[in-house]
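Look over the sequence and the structure first.

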Amino acid sequence: GEQLAETAPGLFILESGELQAFKKVHDDTSSSCRLVKEYRSKGAIVGELALLHGAPRAATVVAATESYLWSIDRSSVAAARRQSIEARRNLYDKLLQNAEIFAPLGKAERAQLADNLRPSRYAKDKAIIKQGDEGA
């Protein structure tokens with residue numbers, strides 16, 4: 001695909017107006033566009049999936065009414081993501097340092113574990129592990 005400049009808009013934030021997203025639909029005889037999503041809420045974000053996954057845009061988004069949007073360039077989003085990942089990694093590293101079982105591990109090993117930690121929330125009285133379950 002075409003290489004985009006780092007200053008190209010990465011995502012857009014809707015301040016006012018209405019946007020519509022369309023996808024091309026192909027069948028054996030023709031090609032048409034199908035409405036897949038509408039954006040009407042202030043603060044709605046458009047274009048984040050392609051940016052976050054480094055993929056082509058999945059739909060065409062058009063202004064259904066006069067609309068005012070804010071854009072954030074790709075490099076700013078990437079920098080914010082890197083900072084967020086680093087902050088999360090540092091937080092998780094401190095958590096792992098306090099867990100006695102991981103005390104012998106070095107920083108690199110804890111970083112590998114930190115990258116694979118997934119937060120979970122449990123309702124009051126919800127079993128987290130059950131006696132007799134396999135310790136997969």
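In this predicted model, strand β1, which spans residues 9-16, pairs with β6 in the antiparallel sense over six bridges. Two of the facing positions can be named: L14 stands opposite L69 in β6, and L11 has I72 of β6 as its bridge partner. Strand β1 also pairs with β4, again in the antiparallel sense, over two bridges. Here F12 stands opposite V46 in β4.

Together these strands make an open sheet of three, in the order β4-β1-β6, with antiparallel pairing. The edges are β4 and β6 (68-73); each has a single partner strand, so one side of each is left without a neighbour in the sheet. Helix α2, residues 74-97, packs on this sheet and touches β1 and β6. The direction of α2 makes about 65 degrees with that of β6.

What holds the strands of a sheet together? Strands pair through backbone hydrogen bonds, and the pairing is either parallel or antiparallel.

There is another open sheet of three strands, with the order β3-β2-β5 and antiparallel pairing. Its edge strands are β3 and β5, and each pairs on one side only. From one strand to the next, the twist averages 35 degrees. Strands β2 and β3 form a hairpin, with four residues between them. Within this pair, V25 stands opposite S32 in β3. On the β5 side, the bridge partner of F22 is T60.

| Strand pair | Sense | Bridges |
|---|---|---|
| β1 and β6 | antiparallel | six bridges |
| β1 and β4 | antiparallel | two bridges |
| β2 and β3 | antiparallel | eight bridges |
| β2 and β5 | antiparallel | four bridges |

Next comes the empty space. Rolling a probe the size of a water molecule over the atoms shows where such space is left. The largest pocket has a volume of about 410 Å³. It is lined by 22 residues, and those closest to its centre are Y39, V46, G47, A59 and V61.

Which elements each supply at least two residues of the lining? They are β2 (19-26), β3 (31-39), β4 (45-46), α1 (48-53) and β5 (60-63). By class, the lining has 17 nonpolar, one polar and four charged residues.

The last topic is confidence. The mean pLDDT of the chain is 86, and 93% of its residues reach 70 or more. Over residues 1-5, however, the pLDDT is below 50. Beyond near neighbours in sequence, this stretch has two contacts in the model. Where pLDDT is low, the predicted coordinates should not be read in detail.

Where in the chain is confidence lowest, and where is it highest? The lowest value belongs to α1, at a mean of 79, and the highest to β5, at 94. Both α1 and β5 supply at least two residues of the lining of the largest pocket.

Technical notes:
Residues are numbered from 1 along each chain as its sequence is written. This is a predicted model: local features need pLDDT of at least 70, side-chain atom pairs count only at pLDDT 80 or more; totals for chains, interfaces and linings use all residues. Side-chain values use heavy atoms; hydrogens and water are left out. On a 1 Å grid over the protein atoms alone, a cavity is a set of points where a 1.4 Å probe fits but cannot get out, and a pocket is an open set with protein on both sides within 12 Å along at least five of seven lines; lining residues have an atom within 4 Å of a point. Grid points are joined across faces, edges and corners, and a volume is the space filled by probe spheres set on the points. Ala, Val, Leu, Ile, Met, Phe, Trp, Tyr, Cys and Pro count as nonpolar, Asp, Glu, Lys and Arg as charged, and the others, Gly among them, as polar. pLDDT is the predictor's confidence in each residue, from 0 to 100. Contact means heavy atoms within 4.5 Å. Two strands pair if DSSP finds at least two bridges between them. Axes are lines fitted to C-alpha atoms, for helices over the stretch in contact, and angles run from 0 to 180 degrees between N-to-C directions.
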